[in-house]
Amino acid sequence: MSYAVVRLPALPNLNGSLSSTTSGSQNKGGGEDAANCVGMNPTVAAFKWRLLIAYDGTHYSGWQYQQSPPTIQCILEKALIHVTKLERKDLSLVGASRTDAGVHALGQVAHFVTPFNYDSLDSIHAALNGLLPADIRVREISPAVPEFHARFSTESKIYHYKIYNDTVMDPFLRHYAYHSAYKLNATAMREAAKHFIGKHNFSAFVNASHNDRVRDPVKNILSFDVNEMLEVEGTGFLYRQVRNMVALLLQIGKEAIPPDIVPMILATQDRKELAKYALSAPPHGLCLVSIKYNEQHLRLPSDCPLTSFGRHHTVRKCKLPFY
């Protein structure tokens, strides 16, 4: 890895963990991130940081940035701006998956950049979680090599869709599982799910989005398991694709339609054909569980702090008198 030798002044930080440095990794990442990262100042080195994030999406309008109603990216950026004292355009925060309103995440990944290095990531980690609301948590912070990109370095993503299949809904799961009072035929759902595996044109399973760019409708589904929950792994997904696949499986589980209807709908490449049988499953049952990356892009750069998994607090001395 090459480094651009640049002398940076020490910048203020809430945590006091910032250090001035004479070397920084020169961004070589592809796509939009490379331009954003270096574009903030071509003579200043950019350090890249990877975030692993969990959130309850109940009260948010998805990941993608917008101020009102609030999104996960908006809330996270405000905390990063406060901690780093950088502007939003300089942070260049990018998320791996643009989860929809009401969708949850256990393993969302994002990256941002700074023109300075850190001696330790524990302090910024604690500061971020101290500023973020309780339903958004940064699970890990780690340094990232220039080649890493939260979106473009992905190899696959795993989603879970939880279904509570009983006559009466568990009130403690109402925000995290879809309630089906109909008895579902899991065997039929498994048979149908197999038809999704492999490379297919998923045009029939994508909703139109006014802010989405034109995307390749051919996606590769690596696995689709139906057990206590639905688990699907793919190299990528279109807008509401998972929820649309789940909705069709639910109709098949209710035995309203046969499992072999899946390849027939896929072949039409027409969203209107799916609409004849099922609407999108509600978002609250869906959770982004994990994202797999190119291993070379996950290696840690030199001259950077260790990954922060959060700090354990200990009580060394009781400050209250004993009675």
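**First stop: E273**

Select E273, which counts as buried because its relative accessibility is 15%; buried means under 20% relative accessible area, exposed means over 50%, and partly exposed is in between (1.4 Å probe, protein chains only). E273 is found in helix α8. Helices (H or I, at least four residues) and strands (E, at least two) are DSSP runs, numbered from the N terminus. With its neighbours within four places in sequence left aside, E273 is in contact with M264, I265 and T268, where contact means heavy atoms within 4.5 Å.

Two remarks apply to every stop. The model is predicted, so local features need pLDDT of at least 70 and side-chain atom pairs count only at pLDDT 80 or more, while totals for chains, interfaces and linings use all residues. Residues are numbered from 1 along each chain as its sequence is written, and side-chain values use heavy atoms, with hydrogens and water left out.

**The whole chain**

Now display the entire chain, which has 8 helices and 14 strands. Of its 323 residues, 49% are buried. Among contacts with a separation of 6 or more, 71% are between residues 24 or more positions apart. The chain exposes about 16100 Å², of which carbon and sulfur atoms supply 53%; these accessible areas come from the Shrake-Rupley method with a 1.4 Å probe, and for residues only the protein chains shown count as cover.

**Helix α7**

The arc is that of the directions from the helix axis to the C-beta atoms. An α-helix has 3.6 residues a turn, so residues three or four places apart point the same way. Just after α7, select Q269, which takes a positive phi of about 55 degrees.

**The largest nonpolar core**

Which residues of the largest nonpolar core touch the most other members? Select F196, F205, M245 and L248, which hold that place among the 77 residues of the core. A nonpolar core is a set of buried Ala, Val, Leu, Ile, Met, Phe, Trp, Tyr and Cys residues joined through side-chain atoms within 4.5 Å. Helix α6 (residues 241-253) supplies the largest share of this core, 8 residues. The core lies between domain 1 (47-152) and domain 2 (155-290), because both give residues to it; the domain bounds come from an automatic or database domain assignment.

Centre the view on F196. Not counting residues up to four places away in sequence, F196 touches F202, F205, I221, F224, M245, L248, L249, V262 and L266.

**Helix α5**

Next, select helix α5 (residues 186-193), whose buried residues are A188, M189, A192 and A193. They lie on the same side of α5, because they cover an arc of only 135 degrees around the axis. The partners against which they pack are β9 (154-165), β12 (218-226), β13 (229-234), α6 and α7 (261-268).

At the N-terminal end of α5, select N185, which caps the helix: a side-chain oxygen lies 3.1 Å from the backbone nitrogen of T187. A polar contact is a pair of N or O atoms within 3.5 Å; within protein, one must be able to donate a hydrogen and the other to accept it, and residues adjacent in sequence count only if both atoms are side-chain atoms.

A polar atom of its side chain lies 2.7 Å from the backbone oxygen of V226. Leaving aside neighbours within four places in sequence, R190 is in contact with V226 and N227.

**Two loop residues**

Finish in the loops. K85 is found between α2 (72-84) and α3 (88-91), and R240 between β13 and α6. K85 has a positive phi of about 65 degrees although it is not a glycine, and phi of R240 is near 65 degrees. Most residues other than glycine have a negative phi. K85 counts as partly exposed at 44% relative accessibility, as does R240 at 27%.
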